[in-house]
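Hi,

Here is the structure I promised to pass on.

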Amino acid sequence: MKAVIVSDSHGLTAELAEIVNRHRHEADLFIHCGDSELEVGADEIAPFAVVRGNCDFAAFPAERIEEAGGVRLFVTHGHLYGVKTSLLRLSYRAQETGARVVCFGHSHLAGAEQMDGLLFINPGSIALPRGRKEKTYAVLTIGGGRAHVQFYEVNGQPVSRMERTFSI
């Protein structure tokens, strides 16, 4: 199972279309963790399972559950769970849903870490990154009891120093 995860695109459309085009033959799932600033039904957002961010006014859900490769993913933007301060509230909510992977954005800080059996993935931002110059998104590959997370720059270049593999 392969999922492409983006967040915080803040109105960008050509970049979203490029990412979908680049990965459409390999991805089973496209996830947008909010702040797309696009309307429901916009062509560029149509391939994505989308949640509503604090800068979105469209009627996207605040959170969603996706099942992929036998693994439950909890998707939210993060602003409702105070992710800029701590992942604790997000962790509690993910545990309530039975998720093993949490996809979120809001902070624009790309990263992947595992805590208490939960894998947290923030793809960063393809528009306004924080903490690094690269505008990033993530590709999650799940199989054989492992979760591999590879970050990419918006132009498709891998950010190899951020590549991580986790037992799941």
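Let me begin with Arg132, which is partly exposed at 24% relative accessibility. Please bear in mind throughout that this is a predicted model.

The side chain of Arg132 meets that of Glu134 in a salt bridge, with 2.9 Å from N to O. Glu134 itself is buried, at 6% relative accessibility.

Glu134 has another partner: its side chain also forms a salt bridge with Arg161, at 2.5 Å from N to O. Arg161 sits in the loop between strand 10 (146–153) and strand 11 (164–167), while Glu134 is in the loop between strand 8 (118–122) and strand 9 (136–143), so this pair ties together parts that are 27 residues apart in sequence. Arg161 counts as exposed, with a relative accessibility of 60%, whereas Glu134 is buried.

Lys133 comes into the picture too: Arg132, Lys133, Glu134 and Arg161 are linked in a network of salt bridges.

Elsewhere in the chain, Glu66 and Arg64 form a salt bridge, and their closest N and O atoms are 2.8 Å apart. Here Glu66 is buried, with a relative accessible area of 13%, and Arg64 is partly exposed at 27%. Since buried means under 20% relative accessible area, Glu66 falls in that class with its 13%.

Best wishes

Methods: Residues numbered from 1 in each chain as written. Predicted model: local features only at pLDDT ≥ 70, side-chain atom pairs only at ≥ 80, totals over all residues. Heavy atoms only, no water. Salt bridge = Lys/Arg side-chain N within 4 Å of Asp/Glu carboxyl O. Buried < 20%, exposed > 50% of the residue type's maximum accessible area, 1.4 Å probe, protein only. Helix = DSSP H or I, 4+ residues; strand = E, 2+ residues; numbered from the N terminus.
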